[in-house]
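Subject: Model handover

Hello,

Here is the structure for you to open.

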Amino acid sequence: MGAGRVFAYGAAAGLIGDLLLGDPRRGHPVAAFGRAAGAVERVLWRDHRGWGALHTAVCAGGAVALGSVAARAVRPSAVASVALTGAATWAVVGGTSLAREARAIGRALEDGDVEAARARLPHLCGRDPQALDADGMARAVVESVAENTSDAVVGALVWGAVGGVPGLLGFRAVNTLDAMVGHKSTRYRRYGWASARLDDLAGWPGARLTAVLAVLAGPDPRGAVRAWRADAAQHPSPNAGPVEASFAGALGVRLGGTLSYGGRVEHRPVLNTEGRAVGTPDVERAVRLSNRVTWLALGVCAGARLLMSARSSNRGK
């Protein structure tokens, strides 16, 4: 069985596994990686970019190396290769958990239980829930669903199509490191610089594919394109900008504006200024759009991998 079919079958199995099982309550592989990365940080931390770059290289490189060794070990068996790809895909994607948390907050808001929604919001994003009213939490959820569709699903599939199991594990490692040390706090402003920049680079193709698929899968393709072209570049993140702008345009809502992280207030540009304010029903609409984008991304990435494998086989003849 060729590498293209191994990835296509394995990625599909992994996404189905995520749909049926979600993330494990205990012993998640990403959590294990996070603990290992934390142990490396305790040894290497210095307030210096070079030491942070070494931390990034050790942790992300270790994940890629582990994936390479595992893939090489099972290569003689097509069934084992598909199973490993499926297990890796299930381990690194988080679409089901993303939808579950978003819907839990949406249900609390629909029931008028703002305090329950506030208690649940930290499970999904790092906003200060006490600073948000019901509509503000709905907006935070829609923005998180959009961004995490790229970070937690599409980006992993893109790198899985490019690099197989090592690509899947490497992308999740980079994304996890960015979440751990890539923010601009006093401790990590220099130490986390390399992780943040590598995450920007690794996330670039997945973010653009997510934005394109949101245009194709959303209820307002023209609005999605318009918002993407007009507003994406104003976002402080080079990858969240296109994704959130395309989701905003596709759903016909305004995203961005004032938000609060850890007591720090940020004033971000509004995305899709022609849209209406986000309401509670938009949470479910965003989740459904995310689900459509996920399965379209599987088709695109599997198809691209099959095409690459076919071209490689033809050159070898």
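**Salt bridges**

Arg288 and Glu284 are 4 residues apart in helix 11 (residues 281-315), so about one helical turn separates them. Helices here are DSSP runs (H or I, at least four residues), numbered from the N terminus. This is a predicted model: local features need pLDDT of at least 70, side-chain atom pairs count only at pLDDT 80 or more, and totals for chains, interfaces and linings use all residues. Residues are numbered from 1 along each chain as its sequence is written, and side-chain values use heavy atoms, with hydrogens and water left out.

The side chains of Arg288 and Glu284 form a salt bridge, 3.0 Å from N to O. The term means a side-chain nitrogen of Lys or Arg within 4 Å of a carboxyl oxygen of Asp or Glu. Shared partners join Arg103, Glu284 and Arg288 into one network of salt bridges. Glu284 is partly exposed, at 24% relative accessible area. On that scale, buried is under 20%, exposed is over 50%, and partly exposed is in between (1.4 Å probe, protein chains only).

The structure holds 12 salt bridges. Two others are worth a look:

- Glu41 with Arg187: the side chains meet at 3.1 Å, N to O. Glu41 lies in helix 2 (residues 29-44) and Arg187 in the loop between helix 7 and helix 8 (193-217), so the pair ties together parts 146 residues apart in sequence. Glu41 is buried at 7% relative accessibility. Arg187 is partly exposed at 37%.
- Arg120 with Glu101: the closest N and O atoms are 2.9 Å apart. Arg120 sits in helix 6 (residues 114-120) and Glu101 in helix 5 (residues 95-110), so this pair links parts 19 residues apart in sequence. Arg120 is partly exposed at 31%, whereas Glu101 is buried at 12%.

**The second largest pocket**

How much space lies in the second largest pocket? About 420 Å³. A pocket is an open set of points on a 1 Å grid where a 1.4 Å probe fits, with protein on both sides within 12 Å along at least five of seven lines; lining residues have an atom within 4 Å of a point.

The second largest pocket is lined by 21 residues, and the closest to its centre are Ala3, Val6, Ala71, Arg75 and Ser81. Helix 1 (3-21), helix 3 (49-74), helix 4 (78-92) and helix 7 (134-181) each give two or more residues to the lining. Helix 7 supplies the largest share, 5 residues.

Best wishes

Key: Grid points are joined across faces, edges and corners, and a volume is the space filled by probe spheres set on the points.
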